[in-house]
Amino acid sequence: MNVRRIIRCLFLSCAVWIFGDLRAHQSDIDTAALFQERIGSLVAVEFFIQREIDRQPQEAMGLVVDKDGLVVLLEGALPHWLPPRQFKEFKAYLPGEGGDGYEAEYLGQDYLSGWHYLRVEESVWPRLTPVAAFPVSEPAIGQEIWGIGLLGEEFDYQPYFLRGGLSVVQKLPQRVGFSETDVAVPGGPVFDLAGNFVGTAGNSMTREQILYAGNDQQRVGLRSIRQSGTFLLAEDFLKYIGRVPRNPEGDPRPWIGVSGLQPIDREVARFLGLEEQGALVASTVIEDSPAFLGGLQDRDIIVAIDGEALPKYRPDAVLQRYFERQILLREPGHTMRLSVVRGELRDEIEIEVGVQPKQLNQAQRRYFGDLGFTVREFVLWDAIGRRIKPNEITGAIASFVRPNSPVNTAGLKRGDWIKEIDGTVVFSYESAHAHLEDIEADESREDFVLLISRNNETSVLRVKLR
């Protein structure tokens, strides 16, 4: 009897395995066909960042969004603080193809979505398939989803299949899906089992792990650079893919001039009767900004925009992103009405949206090779970081310091605020540029002196040139 039972169990196990494998094989055949069709919506992108003393190779994954070779890269694919002129030699590669790639042109970054845009050369357009050509579906919790992974450049960006299941959808403030496992390369498309486009993968989440070193243990965060389990839902993605910048430097960015927005804590919300909605504290209203001219004050609590209460988000920090996004959705010159709580009073403030002042990637800069550093224009964001008023902006910033250079030996560091050169106050980037140009051109010059500020402390540096 025991032998019969064993034989029967083995027979049933084999049958389950055989028929299960056949069903899986049949599913794989269907999925394989979909996989091959959808590989054309993804390209690998290589480019260089031109630094002062070297060129750094970079790579990113791009999603094809129209039939004319328009490609979208994730926000973090390129450093936003560098001028676009330092991004060089873009090439797009079809997954698994190898070769020399195809020329691509950098079009700029959209300030709302943060996405970077490229246009791939026309010769390859027929071989690309925009994600907008696929049917769109809204995934449900527990539904199986899949996407495309890409190996590295040394493997010719060979594509491979990834599958997971939708665990939850969270508003952050756009709707983001979270899979139980990684489902796509960051920047790549995500589909359901029918091949419908359900989203585009973002950067992977940091996963907390415990690192053991002998008897010690430490919590560390790890993040995959090749695979991601988070994705922006297709509807939220497709809504904004048409926002191609007019030039690589970017379009004028809407701005009202509030810094350090913070969600109010639960006790304050309960005291003010705001438990069921969101509220933000305007920590600093920048002097002479649109918000300042409209009457917004430091420590005002913002509770509504244009009569609509701020939504409640978890975690609370998402509310700040929501508010900033509401500003970016408006055009400069448009008016937005804020409802604020100030002490025991509630007030309505009208603010005319302005244009954001010059950003870091728009600042003037010059590398002085003989001296060994780059001087950059002092912009508003430098003032905010140093907690000084905009009308106190003078001097320039050392944005790069070459190792073992004269200024490096003297003690200059990246980020130092240059306030004087040879005892002369530096009122602007132009004056710093002129002083340093004269010093570099004087071959008989043996040294010069910099007065710099670092962490609110002033230092004098004597730079020896000979």
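Predicted model: local features only at pLDDT ≥ 70, side-chain atom pairs only at ≥ 80, totals over all residues.

Me: What volume does the second largest pocket have, and which residues are the closest to its centre?

Reply: Rolling a probe the size of a water molecule over the atoms shows where empty space is left. On a 1 Å grid over the protein atoms alone, a pocket is an open set of points with protein on both sides within 12 Å along at least five of seven lines, a cavity is a set where a 1.4 Å probe fits but cannot get out, and lining residues have an atom within 4 Å of a point. Grid points are joined across faces, edges and corners, and a volume is the space filled by probe spheres set on the points. The second largest pocket has a volume of about 410 Å³. Of the 15 residues that line this pocket, E59, A60, P186, N203 and I225 are the closest to its centre.

Me: How many cavities of 30 Å³ or more does a search of the whole structure find, and which residues line the largest cavity?

Reply: The search finds one cavity of 30 Å³ or more. The largest cavity holds about 50 Å³ of space, and its lining consists of L63, V72, L73, L74, W115, G187, T200 and F237. By class, six of these lining residues are nonpolar and two are polar, with no charged residues.

Me: In what order do the strands of the barrel that begins with β1 run?

Reply: Strands of a sheet pair through backbone hydrogen bonds, either parallel or antiparallel. Helices (H or I, at least four residues) and strands (E, at least two) are DSSP runs, numbered from the N terminus, and two strands pair if DSSP finds at least two bridges between them. This closed barrel of six strands runs β1-β2-β3-β6-β5-β4, with antiparallel pairing. Its neighbouring strands are turned by 40° against each other on average, direction ignored. Within it, β3 (residues 70–73) and β6 (residues 116–120) are joined by four bridges, and V72 stands opposite Y117 in β6. V72 is also one of the residues that line the largest cavity.

Me: What is the strand order of the barrel that begins with β7?

Reply: That closed barrel of six strands runs β7-β8-β9-β14-β11-β10, again with antiparallel pairing. From one strand to the next, the twist averages 45°. Seven bridges connect β7 (residues 144–150) with β8 (residues 159–171), and E144 stands opposite G165 in β8.

Me: How many aromatic pairs does the structure hold?

Reply: A pair of aromatic rings is described by the distance of the centres and the angle of the planes. Rings of Phe, Tyr and Trp (its six-membered ring) pair if their centres lie within 6.5 Å; planes under 30 degrees apart count as stacked, over 60 as edge-to-face and the rest as tilted. The structure holds 15 aromatic pairs. Among them, F197 and F237 are edge-to-face, at 6.2 Å centre to centre and 80° between the planes. This pair links F197 in strand β11 (residues 197–201) to F237 in helix α2 (residues 234–238), 40 residues apart. Ring pairs also link F35, W115, F134, W146, F161, F191, F197 and F237 into a cluster.

Me: Are F197 and F237 buried or exposed?

Reply: Buried means under 20% relative accessible area, exposed over 50%, and partly exposed in between (1.4 Å probe, protein chains only). F197 has 0% relative accessibility and therefore counts as buried; F237, at 2%, counts as buried too.

Conventions:
Residues numbered from 1 in each chain as written. Heavy atoms only, no water. Nonpolar A, V, L, I, M, F, W, Y, C, P; charged D, E, K, R; others polar. Axes fitted to C-alpha atoms, helices over the stretch in contact; angles between N-to-C directions.
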